[in-house]
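I set out to record what I looked up in this structure. The entries follow in the order in which I made them.

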Amino acid sequence: MFRKARGGGFCLESCARPNILALQPYRCARDDYQDDGTNVLLDANENAYGPGLDLQSHGSLTNASRDPNYPDTIDLRGLNRYPDPHQAVLKQKLCELRNLHIHTAKDLKPNNLFVGVGSDEAIDALLRCFCTPAHDKILTCPPTYGMYAVSAQINDIALVKVPLDVNNAFQLQPEAINATLSADPTIKMVYICSPGNPSGTLISKAYIQQVLEHPTWNGIVILDEAYIDFAPDGASLAEWVTEWPNLVVMQTLSKAFGLAGIRLGAAFASPQVAGLLNNLKAPYNVSSPTSALATAALKSKNLAVMRSNREKILEQRQRMLIELPKIPRIGRFLGGTNSNFLLVEVLDKPRDEGGRPSNECAMALYEALAETRGVVVRFRGKELGCEGCLRITVGTSKEVDRLLIEIRSLLQGDGIADHKGINGTEKSEDQREREANGVMA
């Protein structure tokens, strides 16, 4: 005889919020293929050249400063104390980085900033700040970063979609966005990714301004600039928040700075909006080690390392643009080239034989690369306008060497013809594609 379960009348299904019960688990880049130390990881848009820090061979920072305001090392003896809740020094360094006076003569100041655990904390904080659950909505522009939708579902916020223009390199469609905003006053925020993910397209400043200038809409435009440092110099619109009270610009140190492991993101906004975000955050949301490393990364000698690594990435990006099309069954590059990744088509047969983009072939190549060659990229064929596409992070010179060799070997030798993946006999083609496409990174 079974004992009655503890908890009395407790029932998880009726106790938990329905939108959370319906939430699909977050799937990240390491869920499908783990790193065994030999894999080439070109799937998460990480910086393959490492942290943008001036490091000694054993990994510690060189010439560590003794200036307490600009530490280069983490004082482990201080970890018994809570971190600075305001992060004024870090915010000042971020302002100095983005005060370029290209888009305005005004200066960003620390009161223009919210800092948190990656850009994801800012995404969530903005939703909690401006959207009423089960009432308000946000607008996104697919294909785009999947975390906007995940955070919206967590917060019980509905999603409205106005696609990017697939016939114009995935540019914004401001007229369609403004018409949608005019028709639905419950839309409180518009999320725009620039450069786009997975498109790599830098969104036109004029198009963004059209949305900002909507004559009646009472809402916030959020510009996600996670990849902005791979775009041409001066492309960031962070300083523009001093001109537009309805603009928020998100950035991160995870990409060009090579500091994904410290999880530091920032949101530039008007002092009023930044004040609201800082009021609702957890008191000590940025740890002392994260703050110390982020502040160090923004010092001149470490910025020089970051910029040197960025130039290497741009060189390899250009190399991939030249070399990948030489491989049979590699099609067009879609979108733009303003990020540390490229979006490229895989064809069902060579171009000169009339090959067309194929999800089945792209999926087979994605799986074969990872499972038989140790090269992990990202399948994006289920995204709007991305039929047959892989998103490939730009790696080091040696990693790009290996990528080109393995793709050529598989496509020229038809090594993907019968490849069905580890679970190929258990899952349908469509199910495998949807699961692969569901990874957020």
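Entry one, cysteines. I began with C15, whose sulfur has its closest cysteine sulfur in C11, 8.3 Å away, which is too far for a bond. I noted that the model is a predicted one. The cut-off for a disulfide is a pair of cysteine sulfur atoms within 2.5 Å, and by this rule I recorded zero disulfides. I then checked C141, which is also in no disulfide, as the nearest cysteine sulfur, that of C193, is 10 Å away. I looked up accessibility as well: C15 counts as exposed at 56% relative accessibility, whereas C141 counts as buried at 4%.

Entry two, L21. I located L21 in helix 2, which covers residues 18–21.

How do helix 11 and helix 12 pack, and at what angle? I found an angle of about 120° between helix 11 (residues 359–372) and helix 12 (residues 397–412), with the axes 11 Å apart. The crossing of helix 11 with helix 12 is right-handed. On the side of helix 11, the contact is made by L365, A368, L369 and T372, and on that of helix 12 by E406, I407, L410 and L411. By class, I recorded six nonpolar, one polar and one charged residues in this contact.

Notes. Residues numbered from 1 in each chain as written. Predicted model: local features only at pLDDT ≥ 70, side-chain atom pairs only at ≥ 80, totals over all residues. Heavy atoms only, no water. Helix = DSSP H or I, 4+ residues; strand = E, 2+ residues; numbered from the N terminus. Axes fitted to C-alpha atoms, helices over the stretch in contact; angles between N-to-C directions. Left-handed = near helix turned anticlockwise from the far one by under 90°. Contact = heavy atoms within 4.5 Å. Nonpolar A, V, L, I, M, F, W, Y, C, P; charged D, E, K, R; others polar. Buried < 20%, exposed > 50% of the residue type's maximum accessible area, 1.4 Å probe, protein only.
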